[in-house]
Amino acid sequence: MPLVDVSHLVKHFVRDAGLFRAGTRVAAVDDVSFSIDEGETFGLVGESGSGKTTTGRCMLRLVEPTSGEVRFRGENLLGFSPGRMREARRQMQIVFQDPYSSLNPRMRARVIVEEPLVIHKLGERAARRERVAELFQLVGLDPAHLERFPHEFSGGQRQRIGLARALALNPSFLILDEPVSALDVSVQAQVVNLLMDLQERLKLTYLFIAHDLRLVEHICSRIAVMYLGKIVELGPAAAIFASPQHPYTRALLSAIPLPDPDAPRHRLVLDPASVNRAAALKEVSTGHWAAI
Amino acid sequence: MADEPLLRVEHLTTVFNLPGGTVPVVDDVSFEIRAGETLGLVGESGSGKSVTALSIMRLVQPPGRVAGGRLLFKGRDLSALDERAMREVRGADIALIFQEPMTALNPVFTIGDQIAETLLVHGRATRAEAAATAVELLDAVRIPDAASRVRDYPHQLSGGMRQRVLIAMALACRPALVIADEPTTALDVTIQAEILDLLRDMKARFHVSLLLITHDLGVIAETVDRVAVMYAGRIVETGPVRPVLRNPNHPYTRGLLASIPGGAPGQRLNAIEGSVPRLGALPSGCAFGPRCPDRFDACTTAPPPDYPTGVDHAAKCYLYNPHSAFRIPHSDASR
């Protein structure tokens with residue numbers, strides 16, 4: 001059984017009617033299905049507006065999905081009461097993209113990391129403090145800096161604080177929404193390595209949402225490519241990068257700028273008319289699906 | 001190609017006057033841009049690459065100020081011009097394309113009016129001529145149906161289309177040099193590819209030189225002729241793009257290239273240790289020293305000067321000091 005199973009997930013946003021305009025529904029997530037195995041890093045890639053972030057948020061019900069199912073260890077989260085959902089979130093946490101805006105600037109790092117423990121009423125004060133110091137070390141921060149404020153940390157260190165906070169409740173599943181894209185290039189690799197180390201040590205399962213395809217290829221075992229709210233291709237990362245099937249995936253991969261001045265460049269431009277929006281995913285090779 | 005470069009920046013130093021003291025943000029930066037070439041200025045946030053661009057345009061705002069150096073454009077020293085003469089240069093001789101196509105356009109004017117304004121301000125055209133030129137320029141930057149799009153407001157365009165409008169505006173007065181500061185950073189990768197293609201085409205078509213500022217070595221590899229790598233306000237390596245990317249000399253350039261994912265999937269990446277030093281808290285000697293895997297005694301003495309490492313290729317690193325007893329540990333390093 002997969003750890004997480006998303007099936008027929010749909011999220012409509014309603015654009016209110018204006019004076020001269022009827023209200024319209026926008027399908028941000030349009031019948032999306034995929035499953036993530038325990039211990040795996042599953043990549044969700046696509047450009048802005050493709051629905052990848054909304055899909056991640058719907059999975060934690062931070063955004064309420066319109067319809068579909070999100071099963072975690074077999075149980076459908078969308079039927080959970082608010083209390084039960086809060087309990088379930090101990091197992092599933094999210095790390096946001098921007099370490100500058102996702103940490104409260106008026107709270108000390110210790111308080112930020114401790115907050116989930118307080119909300120879930122876990123442990124006495126002394127035990128919580130011990131746990132926070134332990135989490136600081138786990139993510140490679142110096143416990144001597146516990147009482148500092150977010151602005152006293154660098155971008156990479158701030159993302160480590162976000163990670164420590166997400167790990168406070170010992171979750172088994174993390175949604176990483178563009179976790180390194182706001183960081184300096186020379187610091188991204190440190191955080192990526194930390195994520196890989198933590199996954200191994202804590203047996204974590206990741207949903208990695210990203211637009212950096214080089215990075216996704218490097219750390220994900222399987223990926224799904226989203227285009228205008230739908231998954232257009234899904235399969236092992238190696239298979240998709242070696243032989244992309246969907247025209248959008250092909251255009252996307254051909255647009256990655258490579259830091260090699262001698263790399264051959266065959267830019268493919270997507271003709272939106274060539275995309276059959278109604279095509280269903282079909283298996284092109286073992287585990288590799290494409291909507292063509 | 002003329003012997004005299006189009007733009008020669010000599011010992012440019014730009015400082016910020018902060019409560020804690022005066023902090024150099026651009027520290028003794030020298031480089032040149034030759035006619036018809038694209039120079040890439042690559043660095044991380046805070047490396048001083050954007051402030052270098054603003055310094056060239058003389059647009060540094062307090063608490064920042066240009067504290068020294070010369071900016072020779074076609075042999076004329078821009079730093080000696082008064083504000084009025086400088087205004088003649090901006091847009092007409094040197095144009096700047098900003099990163100954020102959302103904020104660089106005025107939301108209450110049509111894109112046609114904004115392109116025409118550039119021409120009118122510089123007295124290059126009458127109203128009717130400017131309006132016609134705006135359509136031609138929009139067509140040149142491949143905005144479909146330019147004749148009607150010229151009446152659109154910025155909010156009616158996508159991010160990629162807005163960036164095309166900014167390129168059209170930059171080219172309106174036929175400048176000799178265009179400075180593009182992270183022109184594709186806010187865009188999706190497929191749109192980025194289109195804009196880079198467009199910049200390359202426009203460069204050839206309008207005979208402009210380009211200073212392209214970016215943090216992405218992939219963009220550098222695809223677009224520029226020569227590259228200057230900035231770290232903590234200093235240019236640490238310069239050279240033609242192929243040797244710099246294939247055979248980087250400075251340990252920082254080497255580290256940046258090595259940290260890019262691309263090796264065997266699932267392997268740990270080769271991260272550079274530590275983080276970028278804060279402004280005003282630079283280590284003595286080489287600013288990269290504390291993070292450098294190759295550091296040795298000399299590195300803490302004084303900031304290293306440029307050492308030639310190949311044809312047109314130089315690095316600010318004591319590893320290349322010909323008088324040093326220390327030998328270069330990397331067999332692949334070129335000299």
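This report walks through a predicted model with chain A and chain B, from the sheets to the interface.

Residues are numbered from 1 along each chain as its sequence is written, and chains are lettered from A in the order in which they are written. Local features need pLDDT of at least 70, side-chain atom pairs count only at pLDDT 80 or more, totals for chains, interfaces and linings use all residues, and side-chain values use heavy atoms, with hydrogens and water left out.

## The sheet of chain A

Helices (H or I, at least four residues) and strands (E, at least two) are DSSP runs, numbered from the N terminus. Two strands pair if DSSP finds at least two bridges between them. Chain A holds an open sheet of 8 strands. Their order is E6-E7-E8-E3-E9-E10-E12-E11, and the pairing is mixed. Strand E6 (92-95) and E11 of chain A stand at the edges. Each has a single partner strand, so one side of each is left without a neighbour in the sheet. From one strand to the next, the twist averages 20°.

Axes are lines fitted to C-alpha atoms, for helices over the stretch in contact, and angles run from 0 to 180 degrees between N-to-C directions. Contact means heavy atoms within 4.5 Å. Helix H1 (residues 52-59) of chain A lies across E3, E6, E7, E8 and E9 of chain A. This helix runs at about 150° to E8(A). H9(A) also packs on the sheet, touching E9 and E10 of chain A. The direction of H9(A) makes about 105° with that of E9(A).

Strands E3 (residues 41-45) and E8 (residues 205-210) of chain A are parallel partners. In that pair, A:Gly43 has A:Phe208 as its bridge partner. E11 (residues 282-285) and E12 (residues 288-290) of chain A are antiparallel partners. Here A:Lys282 stands opposite A:Ala290. E11(A) and E12(A) form a hairpin with 2 residues between them. In the turn, A:Gly287 has a positive phi of about 75°.

Another positive phi belongs to A:Leu228, near 50°, in a residue other than glycine. A:Leu228 sits in the loop between strand E9 (222-227) and strand E10 (230-236) of chain A.

## The sheet of chain B

In chain B, 4 strands form an open sheet in the order E2-E1-E4-E5. The pairing is antiparallel. Strand E2 (21-33) and strand E5 (76-77) of chain B stand at the edges. Each has a single partner strand, so one side of each lacks a neighbour in the sheet. Helix H1 (residues 49-56) of chain B packs on this sheet and touches E1, E2 and E4 of chain B. Its direction makes about 110° with that of E1(B).

A hairpin joins E1(B) to E2(B) through 2 residues. Within this pair, B:Val15 stands opposite B:Pro24, and B:Asn17 stands opposite B:Thr22.

The peptide bond from B:Pro62 to B:Pro63 is cis, with omega near 10°. B:Pro63 is found in the loop between H1 and E4 of chain B.

| Strand pair | Sense | Bridges |
|---|---|---|
| E3(A) and E8(A) | parallel | 5 bridges |
| E11(A) and E12(A) | antiparallel | 3 bridges |
| E1(B) and E2(B) | antiparallel | 9 bridges |

## Where the chains meet

How many residues does each chain bring to the contact? Chain A gives 33 residues and chain B gives 42 residues. The buried area (accessible area, 1.4 Å probe, that two parts lose on being put together, summed over both) is about 3100 Å² between chain A and chain B. Carbon and sulfur atoms give 52% of that area.

The interface has 8 salt bridges (a side-chain nitrogen of Lys or Arg within 4 Å of a carboxyl oxygen of Asp or Glu). One of them links the side chains of A:Asp260 and B:Arg246 at 3.5 Å, N to O. On the chain A side, helix H6 (185-202), helix H7 (213-219) and helix H9 (247-254) each supply at least two residues that touch chain B. H6(A) gives the most, with 10 residues.
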